[in-house]
Amino acid sequence: IRLEKVSGEGIWISPLPAGNRDPERPVTVKAWFDHQLLGNGNSYSRRAKEFSNAKRTQLRSQVVNALKRASLKSHIGARKQLYALLESQTISNLKEHWIINGFTCLSTAEGINAIKNIPGVKKIFISPARNNRPRGGDKKPAQHARVLEPAFEPGLHKHPWYIRSLLAEKTWREFDVTGRGTLNIIHDNNFTFPESLRQNLYFNPSEKTGNHIDDDGNGLIDDCHGYNFRLNSPLLNTRTPANLDASTLHGTMCAAIVCGRGNKTSPYGFGIAPEGKWAGVIAGNDIEPVVEWAIEQKADTYSMSFSIPGLADLRSHWRKIMEHGSFCGVYFVSGAGNFALSEKIPRQMRTPEDIPEAVFAAAGVQRDLTRTDFSSKGPVEWKTEHYSQGKVEKPEVCAFNHNLPLLLPDGRVISSAISGNSFAGPMFCGAIALMLSADPE
């Protein structure tokens, strides 16, 4: 698969973040090299037509190989200068990427002038360096043993009303399509592990649980069923039991809606794709290694129930990552946002839900199919340096997002407790998992 030259004359550098006038103040730098899978803002739809006859799993392998070859070539060409900048402390915390051909580092406003002289650098994105201490850094990661999965029986457990409304139960019974064979990534901030979710927990086949060794050689220790990229740790349950509430259980509920199963301690099976697998990921400002990990685990869906405002031109960086990841076989889904009552169009939808084509944004409806008044609406606007479509129609899909049941860690269920498009997105992930369970291509 051929690469494309990145469009534009010279080397583009994004403006410094507002209020960042101190030339010595650290900033996060994300740099693109001059060759990418998608060279300009119109490349995604054009190359989608080019790849339209390819099988998804075959295309994934070919695109990943092309991206990794490009990254290796570019970094070999830039390595001497990058190491010199590290040695002089002009940059620090260097991280190479292949999902987008480039790198991330910390530097200063003055250091940007040296970065732009690195061979092959084409675009430089700048964002504030955040030093928020991640939660749970002093906790010990739980070790989860494999749980014997009983044969799935649609009638064995109770199911929430949305399962019947979406005809998921009919799909299980009539077609024996249950999400079997799919991996669903849940990107959130905290996860608990009730027994009904441990049944579907993903286990990295190349990693051994809890031996404190990087068995698969990917630089991550014990990334057995997800990873906390903020802490560089397998710790996914970052909150104490005393602080569990609907907010703390957010990631757990997203996973449960996609593929949660009932068991002897909980009468309810929450999942739309109850034989799918799930893995949890936690990340800070760096999305690149998280998406790379998901792709290398052969993920099918990627649920993003978060929303980031004010990214300015850095939106282009996020969008290019999602576009590349889409050609690697991952279906990215985001809730459309809950800002219809507080923001004006076109700012009701933020990143990543504002990304066209490569990210499905799921808006919300109530049980009677009327629109939820807080559910964000489009269109969105794309006038960044790299993308210039102007107004783009969003969102693309909708699902239920109002007065949904809540699963507690002890297996109890509160029948009507949570609302928000955070849960509409996972519903659509569950629907995609059913489709891919029927036909992986």
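Okay, let's start with a pair of residues: Lys320 is buried, and Glu323 is buried too. By buried I mean under 20% relative accessible area, with exposed being over 50% and partly exposed in between, using a 1.4 Å probe and protein chains only. Their side chains meet in a salt bridge, 3.9 Å from N to O. A salt bridge here is a side-chain nitrogen of Lys or Arg within 4 Å of a carboxyl oxygen of Asp or Glu. Because they sit three residues apart in helix 9, Lys320 and Glu323 are separated by about one helical turn. Helices (H or I, at least four residues) and strands (E, at least two) are DSSP runs, numbered from the N terminus.

Quick word on what we're looking at. This is a predicted model, where local features need pLDDT of at least 70 and side-chain atom pairs count only at pLDDT 80 or more, while totals for chains, interfaces and linings use all residues. Residues are numbered from 1 along each chain as its sequence is written, and side-chain values use heavy atoms, leaving out hydrogens and water.

Back to charges. The structure holds 21 salt bridges. One of them joins Glu385 to Lys123, with the closest N and O atoms 2.7 Å apart. That pair links distant parts of the chain: Glu385 is in the loop between strand 14 and strand 15, Lys123 is in strand 7, and they are 262 residues apart.

Gln36 is in strand 4, and it's buried, with a relative accessible area of 1%. Leaving aside neighbours within four places in sequence, its contacts (heavy atoms within 4.5 Å) include Leu3, Glu4 and His324. A polar atom of the Gln36 side chain lies 3.2 Å from the backbone oxygen of Phe33.

Now the nonpolar side. Which residues touch the most other members of the largest nonpolar core? Out of 53 residues, those are Ile185, Tyr302 and Met322. A nonpolar core means buried Ala, Val, Leu, Ile, Met, Phe, Trp, Tyr and Cys residues joined through side-chain atoms within 4.5 Å. Among the elements giving two or more residues to this core are helix 2, strand 8 and helix 9. A second, separate core has 46 residues, including Trp172 and Met427.

Technical notes: A polar contact is a pair of N or O atoms within 3.5 Å; within protein, one must be able to donate a hydrogen and the other to accept it, and residues adjacent in sequence count only if both atoms are side-chain atoms.
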